[in-house]
Structure formats: C-alpha cells, structure tokens
Amino acid sequence: VSVQEEFLDDIPGSSSFLAVELPYAYKDEETRQVFKGNGTTELNGLFSNVASPVNYAGFEDAGTNSNNWDKMIVGLTNTRRNLRPGDAIWVSPEAYAELLMNRSTGATQVYDYPIQSTTNGQIAIGGIPIYFHNVFAALEGLAGNYHRGVALWQRKGITLRTSTEADQNFFKNLVTFLIEARMAMTPFFPESFIKLDFTRTT
C-alpha cells in the first residue's frame, strides 16, 4: 500500500497504525487463500480445490426435515468413513447464527440445538468445535481433519518494508509499505475435507 509522505508527517501515529494493521490484512488474505485460493497463483484452497461435496448416501432421515446440525453431522460422518475423523468445522457468520437460533417446530418453539459449551463459549457438536469466518459465503461450510489432513509451511515469516523509491514514489512523494511472507500448504489427505451446503432441504 502506498501513502503520501504528508500523511505520515502530519498524522501522529500513522506509521504505527499501518505497522499494526497491515499484518492483520496479511492474515486475512492468507486465511482467504487457505480456504479459497485458486491453486495456481495462490495457495490451493481447501474449500475451493481440495474438499469433496458432502455425501448423503445411507442417511435416509436427512431429507426434508434436515437442518444445519444434521448436515454437519453428515459431513463429519463422511470424514469418519474416509478414516479421517473431523476435528473442526468452519462455517459462515450467517450459518453460525442459524445454528444458535435453531428451534423446534412445535408450539413452544424452544431452542434445541445439540451443542456443548466450553470455557470460552465455543460451541461444538459431538465434541467437535465449530468456528466461523467471513471467507465462506452464507450457506457454505467445511468439515475436516485439520490436524492431519493439511500442513502449512512457513519458509519466511512476515516482513514489513518501506520504500520511497519504488515505481514513481520519488517524484510523487509516496511511501510504499510492502508486507509479505513465504508460505506453502500441503493437503496430505484431501479426503479429510468435506464441503457443507446448507441450502439442501431434500
């Protein structure tokens, strides 16, 4: 990102602000690529390129009455069938909210989600923690064995550099901040990851 020199000169703390916020921006992009990278110029995204669609074979009861909890159970069962028992589920913020708002269909409309709360308020199903991230579209999710199924390799840690000479910076009084790292990702067991689709009702 490039900013005017006057921005840095005139606003106290501007350099410190960028030094704090740019690593967060880097982490957001890294997370996006971990899940949805294109696999060519980016990491090979677990959701976009590695995971298989959820398979409902053998689940006669996962029909019109299935809810999001049912779909996650099927996804976790798929990982177990593949000998890669899931250890986490990632969903969208919207799907996460739906899980919290799950209610019975009777007159009482009571909340009946089958969750377990941990000391930090984390929700889980069958002991498997459920997380959310906005990298997923509203009705998407990913069940998987993240401990054994994939590895992230860091060849070079995050570095932040500045330059007043890059491109036309010298003539335009610009300062460019460059943040980068060297990362690779290996999906050792692609069968560990199952895509969840919360639109399915039949």
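User: What share of the contacts in the chain with a separation of 6 or more comes from residues 24 or more positions apart?
Analyst: This is a predicted model. The chain has 7 helices and 10 strands. Among contacts with a separation of 6 or more, residues 24 or more positions apart account for 70%.

User: What percentage of the residues of the chain count as buried?
Analyst: The chain exposes about 11,900 Å². Carbon and sulfur atoms supply 53% of that area. Of the 202 residues, the part that counts as buried is 37%.

User: Is Gly149 buried or exposed?
Analyst: Gly149 sits in helix 6, residues 146–149. Buried means under 20% relative accessible area. The value for Gly149 is 0%, so Gly149 is buried.

User: How far apart in space are Gly149 and Thr186, C-alpha to C-alpha?
Analyst: Leaving out residues up to four places away in sequence, Gly149 touches Thr186, Pro187, Phe188, Phe189, Ser192 and Phe193. In sequence, Gly149 and Thr186 are 37 residues apart. In space, their C-alpha atoms are separated by 8.6 Å.

User: How many bridges join strand 8 to strand 9?
Analyst: Strand 9 covers residues 174–186 and runs antiparallel to strand 8. Thr162 stands opposite Phe177 in strand 9. The number of bridges joining strand 8 to strand 9 is 10.

User: How are helix 4 and helix 5 oriented to each other?
Analyst: The axes of helix 4 (residues 68–81) and helix 5 (residues 93–100) come within 9 Å. They cross at roughly 110 degrees. Angles of 65 to 115 degrees count as roughly perpendicular. Helix 4 and helix 5 are therefore roughly perpendicular.

User: How many nonpolar residues does the contact of helix 4 with helix 5 have?
Analyst: Helix 4 contributes Asn68, Trp69 and Met72. Helix 5 contributes Ala95, Glu98 and Leu99. By class, the contact has 1 polar and 1 charged residue, and the nonpolar count is 4.

How values were computed: Residues numbered from 1 in each chain as written. Predicted model: local features only at pLDDT ≥ 70, side-chain atom pairs only at ≥ 80, totals over all residues. Heavy atoms only, no water. Helix = DSSP H or I, 4+ residues; strand = E, 2+ residues; numbered from the N terminus. Buried < 20%, exposed > 50% of the residue type's maximum accessible area, 1.4 Å probe, protein only. Contact = heavy atoms within 4.5 Å. Pairing = 2+ DSSP bridges. Axes fitted to C-alpha atoms, helices over the stretch in contact; angles between N-to-C directions. Parallel < 35°, antiparallel > 145°, perpendicular 65-115°, else oblique. Nonpolar A, V, L, I, M, F, W, Y, C, P; charged D, E, K, R; others polar. Areas by Shrake-Rupley, 256 points an atom, 1.4 Å probe, with all protein chains shown as cover.
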